[in-house]
Amino acid sequence: MKFELYKIFKKKIVLIFIGIGLLWLSISILLPVLQYRTFTEQMEPLTGIEAIHYDRDMQNLYAGQYTADEFAPLYAEYKKIYNNPDYRRSNNGDGHSFSLSDRNTTPLTDEAYYKYLNRYGVIAKIGNRANALPLYIEDAKISGSVAEFYEGSIVQSSAEDNLVPPADLENPIVQKVLGMYDNLNTSFYGEYPDGWESFFNTVPIFFQYIVGLIILIGVSPIFAEERHSGSDKVLLTTQYGKSKLIRDKIAACFLFATFVFVLFFACSLFVCIAAYGTSGLKASIQLVAHCTLSPYNLSIGGALILWGLLGWGAALVTATGALLISAASPNAFVAFIPSLVGYIVPVVSFAELSPTIHRFMQLLPINIIGAIDRLFSMSDFYNIFGLLVEKKIVCVIVWVILIVLCVVFSSYLFRSKKASN
């Protein structure tokens with residue numbers, strides 16, 4: 001097995017892509033850090049990490065989980081400042097506009113925002129979520145429509161509108177979705193979350209393509225390379241050619257995919273923590289912009305752990321799919337092209353063509369490894385022979401089946417294929 005791993009890592013293209021990928025990932029995370037700007041309460045401008053740490057420390061003055069009685073006066077103070085007419089910017093009555101300082105998108109002047117309101121950032125997020133979410137739930141329980149919950153999570157374009165179940169309180173999926181909110185604790189834990197929100201907006205998309213590409217480049221030659229070089233005609237006739245050799249190649253496939261995913265996952269966490277600190281990991285997932293209507297009692301840190309586990313599973317499925325194609329291909333290039341096409345195609349929306357095909361495609365690796373917003377912003381149920389099963393559970397089941405099938409058929413194809421002439 002060590003020799004099989006050595007053959008993967010000795011390829012310069014693998015090392016080059018890993019190096020470029022790590023550099024690109026680090027820059028992708030650090031660029032928003034360098035562009036971050038704020039003002040102190042004395043209106044002194046700050047940029048970069050200094051600005052981040054200032055906002056983090058200022059807003060974390062009110063970090064924590066509050067009872068309703070504890071939270072009410074803090075939220076009232078925030079609203080008093082927000083609604084003070086003396087603090088409003090004069091913008092032809094328009095009110096809302098982007099400030100040049102980037103952090104202020106309220107109707108307030110920069111001076112009022114940074115002097116009085118900035119420190120209440122965590123309180124604002126908790127209060128706005130805790131007040132708005134019950135209203136969405138109440139409306140849905142009256143109308144039977146979950147369209148607003150699906151929008152921006154399960155449904156991300158108008159072409160996917162047919163994925164929303166009809167507005168009907170008797171519909172089992174509507175009942176299941178609304179039932180998720182019965183156990184939701186809307187006393188959210190508040191903590192400065194901007195670093196991890198930036199992580200969610202940057203890292204998963206990067207993983208979709210770069211990490212998947214590196215895995216395909218490394219795994220595609222595992223079987224096909226032997227056939228291309230002609231060494232298969234020797235290896236398949238040796239004592240361990242159809243047993244230990246194949247097991248070593250399969251093990252190398254799993255280890256390489258695991259190494260690549262863990263390396264990039266660890267790198268992204270390290271860079272993000274170095275820039276933002278660990279603040280926000282304990283915060284409720286609802287404080288992240290894409291997850292404001294999430295039905296899960298889940299922290300941002302918990303979401304990261306779950307995404308890491310699901311991402312690792314997606315990496316293994318990607319690798320075993322490439323392994324299967326490698327076992328059936330005459331050379332590494334022929335193996336790589338269909339592996340790449342098969343990996344990328346599911347990202348296309350098939351909702352208009354067939355909702356069933358689309359729903360299956362959403363379970364495949366590329367749609368999971370880069371889909372934090374879809375995974376945790378809304379519960380998504382699949383109807384499996386009348387049984388409603390949550391998407392993440394369906395993913396695991398489907399992936400286990402795909403991995404087993406790919407491994408078995410890869411082994412069979414390489415064992416049974418006649419040695420090259």
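## A buried aspartate

A polar contact is a pair of N or O atoms within 3.5 Å; within protein, one atom must be able to donate a hydrogen and the other to accept it, and residues adjacent in sequence count only if both atoms are side-chain atoms. In this predicted model, the side chains of D380 and R359 are joined by a polar contact of 2.9 Å. D380 sits in the loop between α16 (372–376) and β3 (381–384); helices (H or I, at least four residues) and strands (E, at least two) are DSSP runs numbered from the N terminus.

D380 has a relative accessible area of 5%, so the residue is buried. Buried means under 20% relative accessible area, exposed over 50%, and partly exposed in between, with a 1.4 Å probe and protein chains only. Leaving aside residues up to four places away in sequence, D380 touches I154, R359, V389, E390 and K391, where contact means heavy atoms within 4.5 Å.

## Basis of the values

Residues are numbered from 1 along each chain as its sequence is written, and side-chain values use heavy atoms, with hydrogens and water left out. Local features need pLDDT of at least 70 and side-chain atom pairs count only at pLDDT 80 or more, while totals for chains, interfaces and linings use all residues.

## The whole protein

The protein has 17 helices and four strands. Its C-alpha atoms fill a box of roughly 85 × 55 × 40 Å, taken along the principal axes. Of its 421 residues, 52% count as buried. Among contacts with a separation of 6 or more, 74% are between residues 24 or more positions apart.

## Two pockets

A pocket is found on a 1 Å grid over the protein atoms alone, as an open set of points where a 1.4 Å probe fits, with protein on both sides within 12 Å along at least five of seven lines; lining residues have an atom within 4 Å of a point. The largest pocket holds about 730 Å³ of space. Its lining has 30 residues, and R103, T105, Y113, K125 and D194 are the closest to its centre. Elements that give two or more residues to this lining include α2 (12–35) and α9 (194–219), and α6 gives the most, with five.

The second largest pocket holds about 480 Å³. It is lined by 22 residues, and those nearest its centre are R359, F381, Y382, N383 and I384. R359 is also the partner of D380 in the polar contact. At least two lining residues come from each of α15 (355–361), β3 and α17 (391–416).

## Aromatic pairs

Rings of Phe, Tyr and Trp (its six-membered ring) pair if their centres lie within 6.5 Å; planes under 30 degrees apart count as stacked, over 60 as edge-to-face and the rest as tilted. The count by this rule is 23 aromatic pairs. Y87 and Y116 are stacked, because their ring centres are 5.1 Å apart and their planes are at 15 degrees. Y87 lies in the loop between α4 and α5 and Y116 in helix α5, 29 residues apart. Y87 is partly exposed at 22%, and Y116 is partly exposed at 37%.

F265 and W307 form a tilted pair, with 5.6 Å from centre to centre and 55 degrees between the planes. F265 belongs to helix α12 (residues 244–276) and W307 to helix α13 (residues 300–327), 42 residues apart. F265 is buried at 16% relative accessibility, and W307 is buried at 0%. Both F265 and W307 belong to a cluster linked by ring pairs, which also includes W24, W196 and F261.

Key
Points joined across faces, edges and corners; volume = space filled by probe spheres on them.
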